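User: I am new to this structure and would like a close look at one part, the aromatic rings and the nonpolar core around them. Could you walk me through that in a connected way?

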Amino acid sequence: ISNTIMSETFSVRFVRLLRQNMNVVFLILGIVVLSLLYPLVKDRQVFDPTKAMPPFFVWIFVIVMGGMTVATGVRTVFLTDSTTIRKLLVISFVVAAVGQLLGFAIGAIWLFCGISYVYAIAQKKFYLPVGILVLLVAYYLFQMTGLIGAVETKDALHTLKQRLPLLALPLALCCWRPTRTEWGVFLSFSFRLVLVYLSCIIVVSLLLNQYYGQSILSPFSFDKFYLKTHIPTLASSFCMLHWTHFAHPTYIFLGIFAIFMAVAVRQYFYREQTVSTVEMIYGLVALSCFAFITQSRLAMLFIPLSIMFFFLVRAFFLSQKKKLLFTSFMLIIVGGFIFNGLLSHRFFADGERMQMRDIAMDAINRHPWTGIRLGTMDNILQAQIDTDILLKHPHNQLLADGMQLGIPGMVVLVVFVGGLFYFAYRDRRYDFLLFLPAILLTMAVESPLIFVRGAYLLAFWFSVFAVSPTRKKDFA
């Protein structure tokens, strides 16, 4: 009898678990079923992986799973106890976050900013900027000094236009800020859309590998042969934007990672249920598959590091052994930089990246106090390196700012990043503290604040984390 009761209990729990996580069940079933059924229609359609046009079955997966997630999320938003315009703001907020991964980031960001400005004017209510928002605005205003003495004025203005979100998004979040409930709805909606997004990538990769003989293990094969396309479609826009130079797994990973960290902090620091544990596990597995598929070194390095960061940060603020935990935390960060340096030397010792860094150092030595000014960096790199690859930056944020604005630009960047860590620590913004090491590591191998793909992504999440209701007093 006891065995029967235990069996029934297990069956009831299992069924309840399935019902509570039907979205994950459908995602997994969709991946398996589409992979098995695709041979039935494979010969009826022409598929060229280099053009990034997805198989028909992928469209079915995107429309069905994406449609279900959007419908459920929108319904949840409209069930919240808030005004219609605030509900529209939450939806535009979600679109802006997920748009960082697809082909409409620019439009989504400016739509969100526009609605926020209108809302504040209509309500006649504005919030005072917090420290992080002031840092973002100050950093952008300092970049404007690069116009003084610029040789290529048109290119310099274009560069500033690309970085305009550093100014516009802090202003938007002085006009509207999410409540605790709205923040939870935003995170759950965005997280579930990301699960669909990652599942689509897995489906596409399985079809490419299984039926077209394209290895997903070759370095950057996903980046070169699938992400780069001039056709801004849903399934082919598994990149930030549909322009070729936006197809970069690093920025896709950072956009997803920000959502994951925010959900994890809300759920496991403050015990505010946002998504189920099954969804978290599936999301972590799917994100690991993404890192494996794209061969993104940052993602492969930072997924295990972020788990350690998470528990160290949680223990640091809840434990009395702060010195030991702080030492462990710093050792992990330093170890990550050393490991990344070894990887960079291994892959780029004789390549264009090391040449670009040498050119940047030479430019700083020749123009230590003024730099070469905005708008000319990519021309200098392209002229001095014999390659067919389009070169635009030295793949290091500190060198990029130093090359353009001299040593003062490097000092301002150090103060800017240090200020972000200071305000995140002071205000106990744990999600931001967990996000910043990934940005610091990215700045060591990329120049994320130089061009539009990084400026939109970082300006959005820096501004969001500056005002998100995740501090201890917000959950009291």
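Analyst: Here is a walk from the chain as a whole to its core and its ring pairs.

This is a predicted model, in which local features need a pLDDT of at least 70 and side-chain atom pairs count only at pLDDT 80 or more, while totals for chains, interfaces and linings use all residues. Residues are numbered from 1 along each chain as its sequence is written, and side-chain values use heavy atoms, with hydrogens and water left out.

Let us begin with the chain. It has 20 helices and zero strands; helices (H or I, at least four residues) and strands (E, at least two) are DSSP runs, numbered from the N terminus. Of the 476 residues, 55% are buried, where buried means under 20% relative accessible area, exposed over 50%, and partly exposed in between (1.4 Å probe, protein chains only). A contact means heavy atoms within 4.5 Å. Among contacts in the chain with a separation of 6 or more, 78% join residues 24 or more positions apart.

Now to the core. A nonpolar core is a set of buried Ala, Val, Leu, Ile, Met, Phe, Trp, Tyr and Cys residues joined through side-chain atoms within 4.5 Å. The largest one here has 118 residues, and Phe-253, Phe-416, Phe-435, Trp-461 and Phe-462 have the most contacts inside it. Helix H10 (residues 180–211) gives the most to this core, 18 residues. Trp-461 shows how such a residue connects: leaving aside neighbours within four places in sequence, Trp-461 is in contact with Ala-97, Phe-186, Gly-255, Ala-258, Ile-259 and Phe-435. Another core, of 14 residues, lies apart from the largest one and includes Ala-360, Leu-399, Met-410 and Ile-450.

Next come the rings. Rings of Phe, Tyr and Trp (its six-membered ring) pair if their centres lie within 6.5 Å; planes under 30 degrees apart count as stacked, over 60 as edge-to-face and the rest as tilted. By this rule there are 22 aromatic pairs. In one of them, Phe-93 and Phe-112 are stacked, at 5.3 Å centre to centre with 20° between the planes. Phe-93 belongs to helix H5 (residues 84–99) and Phe-112 to helix H6 (residues 105–123), so the pair ties together parts 19 residues apart in sequence. Phe-93 is buried, with a relative accessible area of 1%, and Phe-112 is buried too, at 0%.

A second example brings us back to Phe-416. The rings of Tyr-139 and Phe-416 have centres 4.6 Å apart and planes at 20°, so this pair is stacked. Tyr-139 sits in helix H7 (residues 131–143) and Phe-416 in helix H18 (residues 397–426), and the pair links these distant parts of the chain, 277 residues apart. Both Tyr-139 and Phe-416 are buried.

Finally, a word on confidence. The pLDDT is the predictor's confidence in each residue, from 0 to 100. The chain averages 77, and 72% of the residues score at least 70. Where pLDDT is low, the predicted coordinates should not be read in detail.
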